[in-house]
Amino acid sequence: MKSLITRLSQALLLGSLSITTAGAAVPADLEQDAIWYGVAYYDEYMPYDRLDKDIAMMKAAGINVVRIGESTWGTMEPREGEFDFSHLDRVLDAMHKAGIRVIIGTPTYAIPAWMAKRYPDVLATTAAGQNKYGTRQNMDITNPDFRRLAERMIRAMLAHVSDHPAIIGYQVDNETKHYNTSGKQVQQGFVNYLKEKFSSLDAMNDAYGLNYWSNRINSWEEFPEVHESVYTSPVTSINGSVTAAFAAYQRSLVTEYLAWQADIVNEYKKTGQFVTQNFDLDWRGYSYGIQSSVDHFEAAQAMDIAGVDIYHPGQNQLTGAEIALGGDLSRSMKNGQNYFVIETQAQGFPQWTPYPGQLTLQALSHVASGANMVAYWHWASTHNAIETYWKGLLSQDYAENPTYLEAKQIGNKLASLGDNITSLDKQNDVAILFSNEALTAFNEFSFGWGAQQKYNDVLRPFYDSLYRANIETDFLDPSNFADKAENYKLIIIPALYSADDNVLNAIADYVENGGHIVTTFKTGFTDENVKVRHSTQPGGLSEVLGVTYSQFVHPERASLKTEMMNQETADEPLKWWMELVTAQQADVLATYSHPVWKDYAAVTRNQFGKGSATYVATMPTDAQIDAILSSAAATAGLTRSENRFPVVEKNAVNQKGKALRFLFNYSENTVSATISGIEGKELLSGEAIANQKTLSLAPWGVAIIEVTN
C-alpha cells in the first residue's frame, strides 16, 4: 500500500488535492428501528469515577448512543509513541454491557503539548503569523510531521479498539476546516495548483487581470505569498481573483484531509459500521449559513453518512430556522440521504437554556428534517477551561435538572415511536443553489469598500422566507445542479456572483425546459476566475432574465412601487444595493419608489421557453421577500400549506410507506394549525384525526400525524 504521507507529498507537489472518489453506500445492515439519541461523553474529564452512575442516568433518559475519543489525544498519547487507551476501554466495555452504542472519533483536531514543543512547524502559519499552542485546531493539516503523527495515532487507536462490539461507526476529526493555514508548503502547493489549472503564465495573468497595479507574474519563482483569511487580516493581495483561487485551494486541503482520514479508518472498519464527519456551519454566535472554509458537498463524498453540528438561538429567539437549514444542507450533501446531528445544544449558553417543551420541539424538528440521530454536546458540563459555561445535559453538579428530565421524556417518545419516524424520505419541489466560489468572491467585494454584508446575509433571508412559508427546501451546488435541477419546480439563486459558463448555461436550460428561478442582484457578474464579464449584465443570463443594466447604486430613500404586496410592505426601505435595471422582454413586477430612480425596474419576471425567471435587483426587506417568493411559488405551480410561521409544517414518508405531517409551534402562545383535508392518527397522543380543520398546539408544542387518506 502506498504510504498516505507519500500521497500527501505528491498531491502538494502537483497541487491536485480535490478528491472526487464517491463515498461508500450506507452499510446495508445499518437499518435503524429507532432514532439514535445520544451525547458526547468524556470519562477523561470526570472529577471522580461515576461511569456506572452516568450510564444508569443515560439508560433512564433513553440515551442509546455515545460519541467518545475525538477530544483527548493528549490523554491517549501522553508522550510521543506511548499510548494509553484505558479510558476508551472502560467506556467501551461499560457501554456495551449496558447496550449503548459507541461512535469513536479520531482525536486529531486538538494536538498534544509534546507535539507543538518537539515539532513547532506543526503549528500553522496564517495571515496573522504562526499559531501558538493552547487552543484547538491550531495545526497545519498539510504538515508532514502532523500527518505522520496523526496517522500513527489513528492506526494505534483503531488497532486497539476496532474489534470491540460496542462500536457502530467512526467520526473523522472534528468540525474540520483549513484553519487559514498558509505556510511555505501550502504556498508551494498553491503555485503548483495554478500551474495545473492554467496552460501558461500569460493565461493566468489574463484570467486574473494581474496587469493591474503591476501584479503581473512573469515567472513562477516570483509568485508572492497569498494569505486569504476568513477569520483574520490582513490579506496580502489586492486581487480578488487570486485570493478566491487561494481560498478554493485551501478548501481542497480539507477535502483531501478528510478523505485521507476516511481511507485509514476504512482499513479497520467492520461490516455494518460507518464513517462520518461532524460538519459545521458558518458561525454568528450560532450556526448561521454556508461554511466558508469547506466544500461540504465535495468533502462529504468520502463519508458513508453526513454528520452535522447545529446550534441555534434559544428561549424567545428560538425559531427552528437553523435546525431546518442545517438539516436541509446535510441531507442534500448525500443526495437526500438521512444524516446525523452529531452535536446540538442541551442547555448550552445561559441564553440557550431551553424553556419547558423546547428540547422536545428541537429534537423532533431535527427528525422531521430527516435526521436519524440527535446527540447533545455534551453529557456533563466541565469544571474548568473555555467551555465551563457551555453546559451539557447535566450541570456541574451532575444531578437531575429540568433539561435532563425533559430529555428522559424525549428518549421514551423516540423509543416508542421507533421506525415510525426513522429513515424518513423527503421529496421537495424547491431548492436553493449555493456556491462556495460565489461566497468567496462575493465576500471579497460585497457591496463596496467598507461594506460588512456577506454572502450568507443574502442567502439566509431568502431561505428564512421559504421556511416561514412552510416551503421545504433542498440545496444544490454547481457540481450537481445540471443533474439535479430538473427534480425541482422552483430554484432560488442568491447572489451567484462568480460562476462559469457551464453553470449559467445549465440554469438557462433548466428555465427553458420548464423550470422556474428566482435570482438576485450580482448573479453572473463575474466568471469562475472572478473577472467581471464584459458582456451585458446580468452576465450570461441577460436573455434568460430579459433585462439589462450597467449601473448600480446604494439605496437612499428608496422603496418599492408594486402591486405584489400591500402598501405598508412596499414602503419599507430597501437595503444595501440597487441595480438600475431596464426590462427588455421581462414583465416589470416592481419599480423603485425614488425621485430619481423611479423609471428603473426592481423586480422582473421573464417567460423564457417553458419556464420563468424572476430577477430581484435589490435587497428587499423580509416582508418584501415573502411577497416576491409567494408570487414565484404561484407561478411555479407549487402546492402551498395554509400554515405560516410560528406554525412550522414538515412532511415526509416513513420506511413503512406512511405519509407523516409534523406540526410545530415555535411560539410561547397556544396556536391553531390547519390540518383540513387529512385523516389519520396523532402519534404522540394516539388520538384519531378525522374531519378536523384545525389542531390546537400548546406553546412550543409538537404534533405528528400519520396520514391515512
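Predicted model: local features only at pLDDT ≥ 70, side-chain atom pairs only at ≥ 80, totals over all residues.

Student: Where does Thr403 sit, and which residues is Thr403 in contact with?

Tutor: Helices (H or I, at least four residues) and strands (E, at least two) are DSSP runs, numbered from the N terminus. Thr403 belongs to helix 13 (residues 402–417). Contact means heavy atoms within 4.5 Å. If you leave aside neighbours within four places in sequence, Thr403 touches Ala346, Gln347, Pro354, Leu359 and Leu393.

Student: How do I read two helices that meet, say helix 11 and helix 15?

Tutor: Two packed helices are described by the angle between their axes and the distance between the axes. The axes are lines fitted to C-alpha atoms, for helices over the stretch in contact, and angles run from 0 to 180 degrees between N-to-C directions. Here, the axes of helix 11 (residues 321–333) and helix 15 (residues 455–468) come within 10 Å and cross at roughly 105°. That makes helix 11 roughly perpendicular to helix 15; the label covers 65 to 115 degrees, with under 35 roughly parallel, over 145 roughly antiparallel and the rest oblique.

Student: Which residues meet there?

Tutor: From helix 11 come Ala321, Glu322, Ala324, Leu325 and Asp328, and they meet Arg460, Tyr463, Asp464 and Tyr467 of helix 15.

Student: What about aromatic pairs: how many are there in the whole structure?

Tutor: Rings of Phe, Tyr and Trp (its six-membered ring) pair if their centres lie within 6.5 Å; planes under 30 degrees apart are stacked, over 60 edge-to-face, and the rest tilted. A search of the whole structure finds 44 such pairs. Take Tyr286 and Tyr288: their ring centres are 6.3 Å apart and their planes at 65°, so the pair is edge-to-face. Tyr286 is partly exposed, at 22% relative accessible area, whereas Tyr288 is buried at 13%. For Tyr311 and Trp352, the centres are 6.0 Å apart and the planes at 10°, so that pair is stacked. Tyr311 lies in the loop between strand 10 (305–310) and helix 11, and Trp352 in the loop between strand 11 (339–345) and helix 12 (358–368), so the pair ties together parts that are 41 residues apart in sequence. Tyr311 is buried at 3% relative accessibility, and Trp352 is buried at 4%.

Student: And sheets? What is the order of the open sheet of three strands?

Tutor: Two strands pair if DSSP finds at least two bridges between them. The order is 18-20-25, with antiparallel pairing. Strand 18 (552–553) and strand 25 (618–619) are at the edges, each with a single partner strand, so one side of each has no neighbour in the sheet. Two bridges join strand 18 to strand 20 (residues 575–579), and Phe552 stands opposite Glu579 in strand 20. Phe552 also turns up in a cluster linked by ring pairs, whose members include Phe442, Trp576 and Trp577.

Key. Residues numbered from 1 in each chain as written. Heavy atoms only, no water. Buried < 20%, exposed > 50% of the residue type's maximum accessible area, 1.4 Å probe, protein only.
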